[in-house]
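Visitor: Hi! Could you walk me through the charged pairs in this one?
Guide: Happy to. Here it is.
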Amino acid sequence: MLAAGGNCTEVKKCFGNGALPAACDPQTDNGRCEGDIRYWCDSFTRQMYAMNCREAGMTCVVSTEGYPQCTLGPCTEDTYTAMCDGDIQRVCANGYINTIDCTALALPCIMLQVDENVFRPYCMQDGPQCKPDEYEGACDGNIQRDCNRMGVVQQIDCTQLPGDKTCVMTVNGPSCNAAGTECADGEEGCVDDYTARVCLDGTFYTVNCQNLGFTRCTGRGASHDIGAHCTR
């Protein structure tokens with residue numbers, strides 16, 4: 001998208017694997033696999049997006065429910081052994097191998113016993129047992145400590161999550177929230193005809209639209225309800 005140089009047509013091609021996405025109906029079109037290219041109908045834009053599964057070291061398969069998926073391969077839930085591959089969670093679901101990178105959640109992958117001689121991988125720490133309804137969570141600096149739904153005490157370093165996060169106490173317990181205090185997400189506007197100001201994780205950032213290949217910033221005034229953005 002950065003290589004598109006602000007050309008909207010080229011940006012759209014990024015979502016179609018080099019071609020403009022075609023219109024589709026998510027109610028009737030589940031998508032398909034063409035080799036290892038995954039095509040799926042996006043329910044929000046109602047366009048057929050495409051992704052090259054090979055670029056992620058995967059292949060494209062159609063699940064038992066009829067949906068295409070990038071996966072390491074097909075599987076059978078009765079015979080596939082779920083596992084932690086380092087901190088990558090691998091399980092069999094809907095006929096294909098499902099992967100989750102636990103590090104994106106600032107958590108390791110562990111094998112948790114869910115029944116006698118039955119273990120399953122989860123993105124969680126191997127902490128002490130707890131009762132979710134009784135445990136009082138807390139913030140230790142930027143460390144969020146709470147009892148998850150599996151009844152295990154979890155500690156998450158909020159600074160390791162994407163963006164700029166810190167641990168704060170809310171009505172629902174400790175939470176990794178925006179660290180900045182000068183603004184709220186959604187507060188944005190044009191500083192002038194060429195500069196956009198946006199709020200990310202509680203901090204204002206300015207963006208020079210011309211440096212991104214656009215000509216101006218639009219979205220000022222009460223009549224503009226889509227917020228500040230760079231445009232040609």
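Guide: One term to start with: buried means under 20% relative accessible area, exposed means over 50%, and partly exposed is in between, with a 1.4 Å probe and protein chains only. This is a predicted model, where local features need pLDDT of at least 70, side-chain atom pairs count only at pLDDT 80 or more, and totals for chains, interfaces and linings use all residues. Residues are numbered from 1 along each chain as its sequence is written, and side-chain values use heavy atoms, with hydrogens and water left out.

Visitor: Is R90 buried or exposed?
Guide: R90 is buried, at 14% relative accessible area.

Visitor: And which residue does R90 form a salt bridge with?
Guide: With D85, their closest N and O atoms being 2.9 Å apart. A salt bridge here is a side-chain nitrogen of Lys or Arg within 4 Å of a carboxyl oxygen of Asp or Glu. D85 is partly exposed, at 40%.

Visitor: How many salt bridges does the structure hold?
Guide: There are 7 salt bridges. Among them is R32 with E34, at 2.7 Å between the closest N and O atoms. R32 is partly exposed at 33% relative accessibility, and E34 is partly exposed at 40%.

Visitor: What does D36 meet in a salt bridge?
Guide: The side chain of R54, at 3.9 Å from N to O. D36 sits in the loop between β2 (32-34) and β3 (37-42), and R54 in the loop between β4 (47-52) and β5 (59-62), so this pair ties together parts 18 residues apart in sequence. Strands are DSSP runs of E, at least two residues, numbered from the N terminus.

Visitor: Is D36 buried or exposed?
Guide: D36 is buried, with 18% relative accessible area.

Technical notes:
Helices (H or I, at least four residues) and strands (E, at least two) are DSSP runs, numbered from the N terminus.
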